[in-house]
Amino acid sequence: MRALFVLACFVLAGCPGPTHYQKTTQEWTRKTNLRGAYQEVLQLAAVFKSPEWRAAYAEKDADARGLTGAARQQRIAQAQAEAAGPIEIELLVTTWDRRENDLDHGKRSVWRVRMIDDAGTEIEPLEIVKDKRPAFVLRAEFPDYGDFATAYVARFPRPTQAASDLRIRLSSERGGVQVEWPIR
């Protein structure tokens, strides 16, 4: 029994813990579900690409590419520039009826995707595009990307006034869900 315990400790000690990028992605991911009368209507995992998330992603990307010196600094500066642009949310959406997974259809979509400001005003996205990267890439970047999910990138204008929270609402005839992040 003692030998089994020692072996288990040895194996666990050799397992690396979550990376900085994984911890940061988990910190900036929000999840929710919408259930109908008899089935799950929507499952959502949303990742706010905050300045912290972008910095962690740039570090991960620079490490993977073996960038050093000026090239590494350039990649990090690129991430800072991206963070100054529109607000970007990665939406990982699973619907029970695949035809309802249509966020990239604009006004024809079953779903309304809106950012909600502190006054409760709905702000339309600048665009929502399907993230067409391969599933293995999306899974590596976003661990909550499920087998039946579709990934979208939603871009919203930056608020003109300081906000205390960032809130995103998805709604349809079947109900709605909301996720939020504190703004630091």
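Author: Gladly. Let us begin with a helix: in α2, the residues Y21, T24 and T25 are buried. Helices (H or I, at least four residues) and strands (E, at least two) are DSSP runs, numbered from the N terminus. Buried means under 20% relative accessible area, exposed over 50%, and partly exposed in between (1.4 Å probe, protein chains only).

Reader: How do the buried residues of α2 fall when seen down its axis?

Author: They fall within an arc of 100 degrees, so they line one face of the helix. The arc is that of the directions from the helix axis to the C-beta atoms. These buried residues pack against β1, α3 (51–65) and α5.

Reader: Before we go on, what kind of model is this?

Author: This is a predicted model, in which local features need pLDDT of at least 70 and side-chain atom pairs count only at pLDDT 80 or more, while totals for chains, interfaces and linings use all residues. Residues are numbered from 1 along each chain as its sequence is written, and side-chain values use heavy atoms, with hydrogens and water left out.

Reader: Which residues does T25 touch?

Author: Contact means heavy atoms within 4.5 Å. Leaving aside residues up to four places away in sequence, T25 touches W53, E141 and P143. T25 is found in α2 (residues 20–27), and its relative accessible area is 3%, so T25 is buried.

Reader: How many salt bridges does a search of the whole structure find?

Author: The search finds 20. A salt bridge is a side-chain nitrogen of Lys or Arg within 4 Å of a carboxyl oxygen of Asp or Glu. One of them joins the side chains of K31 and D144 (3.0 Å, N to O). This pair links distant parts of the chain, 113 residues apart: K31 is in strand β1 (residues 29–35), and D144 is in the loop between α5 (135–141) and β7 (150–156). K31 counts as exposed at 58% relative accessibility, whereas D144, at 33%, counts as partly exposed.

Reader: Where do E124 and K107 lie?

Author: Their side chains meet in a salt bridge (3.4 Å, N to O). E124 lies in the loop between β5 (122–123) and β6 (127–130) and K107 in the loop between β3 (87–95) and β4 (112–116), so the pair ties together parts that are 17 residues apart in sequence. E124 is partly exposed at 43%, while K107 is exposed at 74%.

Reader: Now the strands, please. What is their order in the open sheet of 4 strands?

Author: Two strands pair if DSSP finds at least two bridges between them. Here the order is β5-β4-β8-β9, with antiparallel pairing. β5 and β9 (175–182) stand at the edges, each with a single partner strand, so one side of each is left without a neighbour in the sheet. Between β4 and β5 there are 2 bridges, in the antiparallel sense, and M115 stands opposite I123 in β5.

Reader: Which residues lie nearest the centre of the largest pocket?

Author: Rolling a probe the size of a water molecule over the atoms shows where empty space is left. On a 1 Å grid over the protein atoms alone, a pocket is an open set of points where a 1.4 Å probe fits, with protein on both sides within 12 Å along at least five of seven lines; lining residues have an atom within 4 Å of a point. The largest pocket is lined by 22 residues, and F48, I87, R158, P159 and I183 lie nearest its centre. The elements giving two or more residues to this lining are α3, β4 and β8 (165–172).
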